[in-house]
Each structure stands twice: as structure tokens, then as C-alpha cells.
Amino acid sequence: MSGAAQTWRQFGDGPLSRITSRVYILLAVELLLLLTTVPALLPLLLLGRDPSNLPLVALLLVPVGPAVSAALYALRHQRTDLTDLRPAALFWRGYRANALGVLRIWVPTLLWLTVLALNLAYSGAVGLSSWWAVPLVLIGVGVTLCAANALVITSLFDFRTRDVLRLAVHFVVRTPGVPVGNALLLAAATGIIAVFSEVVLMLLASIAVLAYLRVSEPMIHLIRKEFTA
């Protein structure tokens, strides 16, 4: 009996088994991401690229925040042991635990970015000089990078919203590699949408979330070390 258990342990620890388990985890998380976001994102694919649609786009993107948070939680906590693969259970646990906290950050972020984008799109109509484009873009980038940190922190730690925001801003400065990495991921996502379509990005969502998690590891490590027991 012990020999059989040892054989199974060795099989479960082998490189092929680890690769198989990671592929399974990513596929399961991908399906759950699609399940929780596609009903809202399908209408998004039908919208024209007119600035007047930006408020509706923001509304349709609301479910994306909790879904990405749940995926971060599942990918962070899932072991690669073939005998203990539970990505779906972890995804739903993260979704239930973090949805409300994530929405407190995600919805204001969408509102801020929508207002900034509308001001940029209609700068002439609202009487803004052309030089305003630079500070508005910088504000938008800053809001996005802070929100990216805040989403990870809310997904993996149990802090009050105001503390999450303070830590998010703090780690934009303290771990510059994290916001730079997130900026590159956003640029890659924008490139995929521009060259292919939103559908391709949706089909790569679990890989994108995994990359997002890996980029955030230095921040996660410091928070765990310095701000948790």
C-alpha cells in the first residue's frame, strides 16, 4: 500500500503532471471567467467605437472586476498537486468573499476613467485646451495603476477599503516594477484588441490574469511580510 502511495506521489510530483495540472487550472479558470463576464461583455462586442458609448461600456465592464478578483484568488491559492485540484471551488470562494470589496474600488475606477475619457474625447466641446490632454492622460494612467494594485490587494488580503487604497498608492512607488509590468500588460491587451479583437483577449483571460498575478508578486510578498501577522 505504501508503495502504491509512493508511486502516486512521484507521479503527482513529476514535470508532466505539473504541466497537466497547470493547464487544467488555467482552462477551468478561463471557463469560469467567461461564465461570469460573457453575459455582460457580449453586448460590448456589438457597440460601435463612438465616445458616446463610453458610459455604457463602463457599465458593461462592472462584472469584470469581481471575476478577475476571483481568478486571482483561485490561481494564488490553488496547488498543482493532481490529487488536490479545486480551481472552481476556489474561484467561487474568492468571488463570494471579495465581490463587495472589489466593487468598492472597481466601480469608482470605471467612473473616473469614463469621465477622463469623455473629457478627452470631447475636449473641444467642453472648452478644454489641447494641452489638457497630457495631464488627463497622466491622471488616467495613475488611476489605472493604483486600481490594478488595489484589485490584487483586495483579492488576496483582508484590509479595509481605505487601507487598500493607501497600500495601492504606496506600492506604486515602492515596487516600481509592478506598475511598469502592469502597464506593459495593459499595452499588450490593447495591442491584442487593436490587431485581433476583444474575443481573442477574452479567450486568453486566464493567462492574462496569471501574468498579472506574477507581475504583482513583489508587492504581495512585502504585504504578507510587513502588514500581516
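Let's start at Asn-53, which sits in the loop between α2 and α3. Helices here are DSSP runs of H or I, at least four residues, numbered from the N terminus. A quick word on the source: this is a predicted model, where local features need pLDDT of at least 70, side-chain atom pairs count only at pLDDT 80 or more, and totals for chains, interfaces and linings use all residues. Residues are numbered from 1 along each chain as its sequence is written, and side-chain values use heavy atoms, without hydrogens and water.

Is Asn-53 buried or exposed? Its relative accessibility is 19%, so Asn-53 counts as buried. The cut-offs: buried is under 20% relative accessible area, exposed is over 50%, and partly exposed is in between, with a 1.4 Å probe and protein chains only. Leaving out residues up to four places away in sequence, Asn-53 touches Leu-47 and Gly-48. Contact means heavy atoms within 4.5 Å.

Next, the core. The largest nonpolar core holds 44 residues. Such a core is a set of buried Ala, Val, Leu, Ile, Met, Phe, Trp, Tyr and Cys residues, joined through side-chain atoms within 4.5 Å. Leu-33, Leu-72 and Ile-153 have the most contacts inside this core. Elements giving two or more residues to the core include α2 (15–46), α4 (64–77) and α6 (133–156). Which element gives the most? That is α4, with nine residues. As for Leu-72, its partners beyond four places in sequence are Leu-151, Val-152, Ser-155, Leu-156, Val-209, Tyr-212 and Leu-213.

Now helix packing. Two packed helices are described by the angle between their axes and the distance between the axes. Axes are lines fitted to C-alpha atoms, for helices over the stretch in contact, and angles run from 0 to 180 degrees between N-to-C directions.

Take α6 and α7. Their axes come within 8 Å and cross at roughly 125°. That makes α6 oblique to α7. On the scale, under 35 degrees is roughly parallel, over 145 roughly antiparallel, 65 to 115 roughly perpendicular, and the rest oblique. On the α6 side, the contact residues include Leu-145, Cys-146 and Ile-153. On the α7 side, they include Val-164, Leu-167 and Phe-171.

Last pair: α10 (residues 205–215) and α11 (residues 217–227). These helices pack at about 50°, with axes 5 Å apart. They are therefore oblique to each other. Leu-213, Arg-214 and Val-215 of α10 meet Glu-217, Pro-218 and Ile-220 of α11.
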